[in-house]
Amino acid sequence: TTAKNDLNAHDMFLKIMKEQADYMAQLIENLLSLSRIEMSDASKPTEIINVENLIPDVKNALLQKLKRKNMQLVVVKKVEDTTVAADSAQIKQVLQNLIDNAIKYGENNTDITLTIDKGEKIPASRDFEVEESPSLILSVNNKGEPIKKEHIERLTERFYRLQTHRDKNIKGTGLGLSIVKHIIIRHKGNLLISSDKKNGTTFEVYLPKEYLF
(Lines give C-alpha, C1' and ligand atoms only; values in the text may rest on other atoms or scores of the structure.)
Protein backbone atom coordinates (compact mmCIF):
# COMPACT_ATOMS: atom_id res chain seq x y z
CA THR A 1 0.00 0.00 0.00
CA THR A 2 1.32 3.45 -0.89
CA ALA A 3 0.33 6.95 0.11
CA LYS A 4 0.27 8.09 -3.51
CA ASN A 5 -3.47 8.82 -3.58
CA ASP A 6 -3.98 9.40 0.14
CA LEU A 7 -4.52 13.14 0.70
CA ASN A 8 -4.33 12.76 4.48
CA ALA A 9 -0.95 11.07 4.15
CA HIS A 10 0.19 13.87 1.81
CA ASP A 11 -0.68 16.46 4.46
CA MET A 12 1.12 14.48 7.16
CA PHE A 13 4.29 14.06 5.08
CA LEU A 14 4.26 17.73 4.05
CA LYS A 15 3.96 18.73 7.70
CA ILE A 16 6.93 16.50 8.62
CA MET A 17 8.98 17.92 5.75
CA LYS A 18 8.21 21.49 6.79
CA GLU A 19 9.14 20.76 10.42
CA GLN A 20 12.46 19.23 9.35
CA ALA A 21 13.21 22.10 6.94
CA ASP A 22 12.46 24.65 9.68
CA TYR A 23 14.70 22.73 12.10
CA MET A 24 17.60 22.64 9.61
CA ALA A 25 17.23 26.34 8.85
CA GLN A 26 17.27 27.14 12.58
CA LEU A 27 20.27 24.88 13.14
CA ILE A 28 22.27 26.54 10.33
CA GLU A 29 21.32 30.00 11.61
CA ASN A 30 22.42 29.10 15.15
CA LEU A 31 25.71 27.58 13.99
CA LEU A 32 26.52 30.69 11.94
CA SER A 33 25.56 32.91 14.87
CA LEU A 34 27.78 30.93 17.24
CA SER A 35 30.69 31.13 14.79
CA ARG A 36 30.35 34.92 14.49
CA ILE A 37 30.22 35.33 18.27
CA GLU A 38 33.32 33.17 18.79
CA MET A 39 35.20 35.26 16.22
CA SER A 40 34.42 38.40 18.24
CA ASP A 41 35.40 36.88 21.63
CA ALA A 42 38.62 38.89 21.89
CA SER A 43 37.04 42.28 21.20
CA LYS A 44 35.43 44.30 23.98
CA PRO A 45 32.06 45.91 23.25
CA THR A 46 32.36 49.69 23.11
CA GLU A 47 28.68 50.72 23.15
CA ILE A 48 26.72 51.96 26.11
CA ILE A 49 23.19 50.60 25.66
CA ASN A 50 19.91 50.83 27.53
CA VAL A 51 18.69 47.26 28.05
CA GLU A 52 15.13 48.42 28.79
CA ASN A 53 14.87 49.70 25.21
CA LEU A 54 15.53 46.18 23.83
CA ILE A 55 12.57 44.56 25.57
CA PRO A 56 9.70 45.66 23.24
CA ASP A 57 11.40 44.15 20.16
CA VAL A 58 12.14 40.92 22.03
CA LYS A 59 8.56 40.68 23.27
CA ASN A 60 7.12 41.32 19.82
CA ALA A 61 9.32 38.61 18.31
CA LEU A 62 7.98 36.07 20.83
CA LEU A 63 4.40 37.31 21.13
CA GLN A 64 2.81 34.45 19.19
CA LYS A 65 4.67 31.84 21.25
CA LEU A 66 3.47 33.55 24.44
CA LYS A 67 -0.12 33.58 23.18
CA ARG A 68 -0.06 29.91 22.16
CA LYS A 69 0.74 28.93 25.77
CA ASN A 70 -1.43 31.65 27.34
CA MET A 71 1.62 33.25 28.96
CA GLN A 72 2.53 36.80 29.87
CA LEU A 73 5.99 38.37 29.92
CA VAL A 74 6.20 40.33 33.17
CA VAL A 75 9.03 42.88 33.45
CA VAL A 76 10.16 43.80 36.97
CA LYS A 77 12.51 46.77 37.03
CA LYS A 78 14.31 47.15 40.36
CA VAL A 79 16.76 49.79 39.20
CA GLU A 80 16.28 53.05 37.30
CA ASP A 81 19.55 52.97 35.36
CA THR A 82 19.46 50.05 32.92
CA THR A 83 22.45 51.12 30.84
CA VAL A 84 25.36 48.76 30.38
CA ALA A 85 28.59 48.46 28.37
CA ALA A 86 27.50 45.95 25.75
CA ASP A 87 26.82 44.95 22.15
CA SER A 88 23.16 45.81 21.56
CA ALA A 89 22.42 43.06 19.02
CA GLN A 90 24.08 40.39 21.14
CA ILE A 91 22.28 41.34 24.36
CA LYS A 92 18.99 41.33 22.45
CA GLN A 93 19.89 37.80 21.32
CA VAL A 94 20.62 36.77 24.92
CA LEU A 95 17.22 38.03 26.07
CA GLN A 96 15.40 36.47 23.14
CA ASN A 97 17.08 33.07 23.57
CA LEU A 98 16.47 32.96 27.32
CA ILE A 99 12.84 34.09 27.10
CA ASP A 100 12.20 31.74 24.17
CA ASN A 101 13.57 28.87 26.28
CA ALA A 102 11.47 29.97 29.26
CA ILE A 103 8.33 29.86 27.11
CA LYS A 104 9.24 26.52 25.56
CA TYR A 105 9.87 24.73 28.85
CA GLY A 106 7.43 26.61 31.09
CA GLU A 107 3.96 25.42 32.01
CA ASN A 108 0.95 26.74 30.10
CA ASN A 109 -0.94 29.62 31.75
CA THR A 110 2.06 30.82 33.78
CA ASP A 111 4.10 34.04 33.65
CA ILE A 112 7.63 34.50 32.36
CA THR A 113 9.34 37.08 34.57
CA LEU A 114 12.22 39.26 33.41
CA THR A 115 13.81 41.08 36.36
CA ILE A 116 16.35 43.87 35.92
CA ASP A 117 18.49 44.61 38.97
CA LYS A 118 21.99 45.72 39.92
CA GLY A 119 24.84 43.94 41.68
CA GLU A 120 27.98 45.08 43.44
CA LYS A 121 30.17 42.75 41.41
CA ILE A 122 30.08 39.93 38.90
CA PRO A 123 30.34 36.44 40.47
CA ALA A 124 33.64 34.77 39.64
CA SER A 125 33.82 31.87 37.18
CA ARG A 126 36.24 28.96 37.31
CA ASP A 127 36.16 28.68 33.50
CA PHE A 128 36.55 32.24 32.18
CA GLU A 129 37.53 35.75 33.20
CA VAL A 130 34.92 38.21 34.46
CA GLU A 131 35.18 41.99 34.63
CA GLU A 132 35.80 43.63 38.00
CA SER A 133 32.88 45.97 37.80
CA PRO A 134 29.45 46.64 39.28
CA SER A 135 26.89 44.66 37.31
CA LEU A 136 23.47 44.83 35.71
CA ILE A 137 21.57 41.61 36.39
CA LEU A 138 19.01 40.27 33.92
CA SER A 139 17.03 37.37 35.39
CA VAL A 140 14.61 35.24 33.36
CA ASN A 141 12.32 32.94 35.36
CA ASN A 142 9.72 30.40 34.30
CA LYS A 143 7.48 27.96 36.13
CA GLY A 144 8.05 24.48 34.83
CA GLU A 145 9.51 21.12 35.65
CA PRO A 146 12.64 21.69 37.78
CA ILE A 147 16.03 20.82 36.29
CA LYS A 148 18.14 18.40 38.32
CA LYS A 149 21.43 19.73 39.67
CA GLU A 150 23.54 17.29 37.65
CA HIS A 151 22.11 18.70 34.41
CA ILE A 152 22.44 22.41 35.20
CA GLU A 153 26.19 22.69 34.52
CA ARG A 154 25.77 21.00 31.14
CA LEU A 155 22.92 23.16 29.85
CA THR A 156 25.27 25.52 27.97
CA GLU A 157 27.11 22.71 26.19
CA ARG A 158 26.54 22.55 22.45
CA PHE A 159 23.68 20.24 21.45
CA TYR A 160 23.00 19.22 25.06
CA ARG A 161 19.30 18.55 25.62
CA LEU A 162 17.49 16.96 28.54
CA GLN A 163 16.00 13.54 27.89
CA THR A 164 12.70 14.68 29.42
CA HIS A 165 12.47 17.39 26.76
CA ARG A 166 13.14 14.84 24.03
CA ASP A 167 10.49 12.55 25.49
CA LYS A 168 7.97 15.39 25.38
CA ASN A 169 8.98 16.12 21.75
CA ILE A 170 9.95 19.72 22.60
CA LYS A 171 11.79 21.02 19.54
CA GLY A 172 15.20 22.69 19.80
CA THR A 173 18.68 22.72 18.30
CA GLY A 174 20.54 22.53 21.61
CA LEU A 175 22.55 25.65 20.70
CA GLY A 176 20.53 28.53 22.19
CA LEU A 177 22.16 28.46 25.62
CA SER A 178 25.61 27.87 24.13
CA ILE A 179 25.13 31.10 22.16
CA VAL A 180 24.08 32.89 25.36
CA LYS A 181 27.17 31.62 27.19
CA HIS A 182 29.59 32.78 24.48
CA ILE A 183 28.01 36.23 24.34
CA ILE A 184 28.36 36.53 28.11
CA ILE A 185 32.01 35.39 27.96
CA ARG A 186 32.71 38.06 25.36
CA HIS A 187 31.20 40.66 27.70
CA LYS A 188 33.23 39.31 30.65
CA GLY A 189 30.04 38.69 32.56
CA ASN A 190 28.63 35.50 34.04
CA LEU A 191 25.58 33.25 33.94
CA LEU A 192 24.09 31.54 37.00
CA ILE A 193 21.29 28.98 36.77
CA SER A 194 19.04 27.79 39.59
CA SER A 195 16.03 25.49 39.54
CA ASP A 196 13.64 24.00 42.08
CA LYS A 197 10.00 23.01 42.36
CA LYS A 198 8.99 26.07 44.42
CA ASN A 199 10.67 28.87 42.46
CA GLY A 200 10.91 27.40 38.97
CA THR A 201 14.02 27.89 36.83
CA THR A 202 15.96 31.15 36.76
CA PHE A 203 18.77 32.22 34.44
CA GLU A 204 20.72 35.17 35.89
CA VAL A 205 22.90 37.12 33.46
CA TYR A 206 25.51 39.43 35.02
CA LEU A 207 26.86 42.15 32.72
CA PRO A 208 29.51 44.73 33.61
CA LYS A 209 28.15 48.24 34.08
CA GLU A 210 31.49 49.56 32.88
CA TYR A 211 34.71 48.24 31.44
CA LEU A 212 37.99 49.17 33.09
CA PHE A 213 39.85 50.17 29.94
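1. The axes of helix H3 (residues 88-105) and helix H6 (residues 176-186) come within 9 Å and cross at roughly 145 degrees. Axes here are lines fitted to C-alpha atoms, for helices over the stretch in contact, and angles run from 0 to 180 degrees between N-to-C directions. Helices (H or I, at least four residues) and strands (E, at least two) are DSSP runs, numbered from the N terminus. This is a predicted model: local features need pLDDT of at least 70, side-chain atom pairs count only at pLDDT 80 or more, and totals for chains, interfaces and linings use all residues. Residues are numbered from 1 along each chain as its sequence is written, and side-chain values use heavy atoms, with hydrogens and water left out.

2. The crossing of H3 past H6 is left-handed. That term applies if the near helix is turned anticlockwise from the far one by less than a right angle; clockwise would be right-handed. On the H3 side the contact takes in Gln 90, Ile 91, Gln 93, Val 94, Asn 97, Leu 98 and Asn 101. H6 brings Gly 176, Leu 177, Ile 179, Val 180, Ile 183 and Arg 186. Contact means heavy atoms within 4.5 Å. By class, the residues of this contact are 7 nonpolar, 5 polar and 1 charged. Ala, Val, Leu, Ile, Met, Phe, Trp, Tyr, Cys and Pro count as nonpolar, Asp, Glu, Lys and Arg as charged, and the others, Gly among them, as polar.

3. Next, the sheet. It is open, has 5 strands in the order E2-E4-E5-E7-E6, and its pairing is mixed. Two strands pair if DSSP finds at least two bridges between them. Strand E2 (72-77) and E6 are the edges; each has a single partner strand, so one side of each lacks a neighbour in the sheet. On average, neighbouring strands are turned by 15 degrees against each other, direction ignored.

4. E2 and strand E4 (residues 111-119) are parallel, with 6 bridges. Val 74 has Thr 113 in E4 as its bridge partner. E4 and E5 run antiparallel and are joined by 7 bridges. Lys 118 stands opposite Leu 136 in E5.

5. H3 also lies across the sheet strands E2, E4, E5 (135-142) and E7 (200-208). Its direction is at about 20 degrees to E5.

6. Gln 72 belongs to strand E2. Leaving aside residues up to four places away in sequence, Gln 72 touches Leu 66, Thr 110, Asp 111 and Ile 112. Gln 72 and Ile 112 are 40 residues apart in sequence, yet 6.1 Å apart in space, C-alpha to C-alpha.

7. The second largest pocket holds about 400 Å³ of space. Of its 14 lining residues, the closest to the centre are Asp 127, Phe 128, Glu 153, Asn 190 and Leu 191. H6 and strand E6 (190-196) each supply at least two lining residues. E6 gives the most, with 4 residues. The lining has 7 nonpolar, 3 polar and 4 charged residues. On a 1 Å grid over the protein atoms alone, where a 1.4 Å probe fits, a pocket is an open set of points with protein on both sides within 12 Å along at least five of seven lines; lining residues have an atom within 4 Å of a point. Grid points are joined across faces, edges and corners, and a volume is the space filled by probe spheres set on the points.

8. Two loop residues deserve a look. Most residues other than glycine have a negative phi. Asn 70, in the loop between helix H2 (55-68) and E2, has a positive phi near 55 degrees. Lys 188, in the loop between H6 and E6, also has a positive phi, near 55 degrees.
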